[in-house]
Amino acid sequence: MRRRSEALGAGALVLAGLGLLAPGQARAACQIRSAVGLNFANYTPTSPLPLDTAGSITYQCLLQLTPMTIDLSAGGSSTYANRRMQGPSSSTLAYNLYLDAARLRVWGNGVSGTSRYGPVIPLLAIDVTVPIYGRIPAQQTVPAGTYSDTLVMTMTF
């Protein structure tokens, strides 16, 4: 079993700098090919509705015939129950990431009530795009400013 971990930034939640190999390097069995970050845009604390957005990661596996999984860390939070983005003056904004569009399955590491992507047997040499669904719960009283979090994505294959 091999693991490959990559940092995911959140600015709202920006996915960047993910595991691409330079020419001439040995190719990993699985690698992240691209990422589309989650941008929550402007959050309005008085809105009665949550603020939803989506992003994605695209991966590709070569020579990989065993199941693989993708886990996301809790970020700067100590729990998956409420991930938190850090903002101005030490304020925090609760949010979470999900595997499903209904936003019922929290994307984590498969413990503490979370789910992981997989296990799946990857398609060989085919790009696979996995959506990431994000939500900020409604009516959080927070000061205006920029909020961010950093997560680690771990592929196990």
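1. W107 is buried, because its relative accessibility is 0% (buried means under 20% relative accessible area, exposed over 50% and partly exposed in between, with a 1.4 Å probe and protein chains only). The model is predicted, so that local features need pLDDT of at least 70 and side-chain atom pairs count only at pLDDT 80 or more, while totals for chains, interfaces and linings use all residues. Residues are numbered from 1 along each chain as its sequence is written, and side-chain values use heavy atoms, with hydrogens and water left out.

2. Aromatic pairs come to a count of 3, where rings of Phe, Tyr and Trp (its six-membered ring) pair if their centres lie within 6.5 Å, and planes under 30 degrees apart count as stacked, over 60 as edge-to-face and the rest as tilted. The pair of F40 and Y95 is edge-to-face because the ring centres are 6.4 Å apart and the planes stand at 65 degrees. F40 sits in the loop between β2 (30-36) and β3 (51-61), and Y95 in strand β6 (residues 92-98), so the pair links distant parts of the chain, 55 residues apart; strands (E, at least two residues) are DSSP runs, numbered from the N terminus. Both F40 and Y95 are buried.

3. W107 and Y117 make a tilted pair, because their ring centres are 6.4 Å apart and their planes are at 35 degrees. W107 is in the loop between β6 and β7 (117-120) and Y117 in strand β7, so the pair ties together parts 10 residues apart in sequence. Y117 is buried, with a relative accessible area of 16%, and Y59, W107 and Y117 form one aromatic cluster.

Notes. Helix = DSSP H or I, 4+ residues; strand = E, 2+ residues; numbered from the N terminus.
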